[in-house]
Amino acid sequence: MAKPAETRTAGRKPVAKATRSAAETEKIRAALAARRDELRAEYDQTLSEITELQRERLTDSAGDDQADTGTKTFEREQEISLANSILERITQVERALERLDEGGYGWCERCGNPIPVERLAAFPSATLCVTCKQLEERR
């Protein structure tokens with residue numbers, strides 16, 4: 001492994017960052033890119049399903065009362081919320097890829113400490129270590 005590089009960020013204590021080998025970086029990049037592609041396919045499929053359901057609802061709305069209309073509106077909002085959630089996850093993975101290119105992947109954006117490998121394995125686009133994430137969730 002290469003020598004750790006000393007980094008300093010405004011308001012943070014210096015943290016030694018170990019550099020990854022090119023093979024490790026490429027393995028992470030491939031995994032993140034595969035996840036991004038998987039999410040994009042899921043997003044495209046969800047949009048296709050929403051479009052089809054909208055088409056069906058438009059042709060099958062004759063005789064709907066207020067309850068039926070309300071139910072259809074609620075279902076449509078749920079579907080759109082799901083699509084937006086997938087889009088947000090795509091954005092997170094793309095941001096992780098950017099951080100990988102910049103050398104900040106695997107390091108907490110708040111305290112600068114390394115993010116545990118187990119956390120990155122479970123949530124590859126994590127930007128905060130467990131401690132900082134817990135503090136954020138308590139707020």
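**Entry 1. Terms and model**

I take helices (H or I, at least four residues) and strands (E, at least two) to be DSSP runs, numbered from the N terminus. I note that this is a predicted model, in which local features need pLDDT of at least 70 and side-chain atom pairs count only at pLDDT 80 or more, while totals for chains, interfaces and linings use all residues. Residues are numbered from 1 along each chain as its sequence is written, and side-chain values use heavy atoms, with hydrogens and water left out.

**Entry 2. The chain as a whole**

I looked up the elements of the protein chain and found 4 helices and 2 strands. Along the sequence, their pattern is β-β-α-α-α-α. I then looked up burial, where buried means under 20% relative accessible area, exposed over 50%, and partly exposed in between (1.4 Å probe, protein chains only). Of the 139 residues, 25% count as buried. The accessible surface of the chain comes to about 9500 Å², and 53% of this belongs to carbon and sulfur atoms. Such areas come from the Shrake-Rupley method with a 1.4 Å probe; for residues, only the protein chains shown count as cover. For contacts, I use heavy atoms within 4.5 Å. Among contacts between residues at least 6 apart in sequence, 52% join residues at least 24 apart.

**Entry 3. Helix 1 and helix 2**

I compared each of these helices with its expected span, which is 1.5 Å times one less than its number of residues. Helix 1 has 38 residues and should span 56 Å; its end C-alpha atoms are 55 Å apart, which agrees. Helix 2 has 37 residues and should span 54 Å; here the end C-alpha atoms are 53 Å apart, which also agrees.

Which residues of helix 1 are buried? I found Thr25, Leu32, Ala33, Leu39, Tyr43, Thr46, Ile50 and Arg57. These buried residues pack against helix 2. In helix 2, the buried residues include Lys72, Glu79, Ala83, Ile86 and Ile90, and the buried residues of this helix pack against helix 1 (22-59). Just after helix 2, I noted that glycine 103 takes a positive phi of about 90 degrees.

**Entry 4. Glutamate 79**

I located glutamate 79 in helix 2. Is glutamate 79 buried or exposed? It is buried, because its relative accessible area is 17%. Leaving aside neighbours within four places in sequence, glutamate 79 is in contact with Thr46, Ile50, Leu53 and Arg57.

**Entry 5. The loop between helix 3 and helix 4**

I looked up two residues in this loop. Proline 124 is found there and is partly exposed, as its relative accessible area is 33%. Not counting residues up to four places away in sequence, proline 124 touches Leu32, Ala96 and Tyr105.

At 17% relative accessibility, threonine 127 counts as buried. Apart from neighbours within four places in sequence, threonine 127 is in contact with Arg95, Arg99, Trp107, Cys108, Glu109 and Ile115.

**Entry 6. Cysteine 132**

I found cysteine 132 in helix 4. With 6% relative accessibility, cysteine 132 counts as buried. Not counting residues up to four places away in sequence, cysteine 132 touches Cys108, Arg110 and Cys111. How far apart in space are cysteine 132 and cysteine 108? The two are 8.0 Å apart, C-alpha to C-alpha, and 24 residues apart in sequence.

**Entry 7. The second largest pocket**

I recorded a volume of about 180 Å³ for the second largest pocket. Of the 13 residues that line this pocket, Gln92, Arg95, Phe123, Ser125 and Thr127 are the closest to its centre. Helix 2 (66-102) and helix 4 (130-138) are the elements that give two or more residues to the lining. The largest share, 5 residues, comes from helix 2.

By class, the lining has 3 nonpolar, 4 polar and 6 charged residues. Here Ala, Val, Leu, Ile, Met, Phe, Trp, Tyr, Cys and Pro count as nonpolar, Asp, Glu, Lys and Arg as charged, and the others, Gly among them, as polar.

For the method, I note that on a 1 Å grid over the protein atoms alone, a pocket is an open set of points where a 1.4 Å probe fits, with protein on both sides within 12 Å along at least five of seven lines; lining residues have an atom within 4 Å of a point. Grid points are joined across faces, edges and corners, and the volume is the space filled by probe spheres set on the points.
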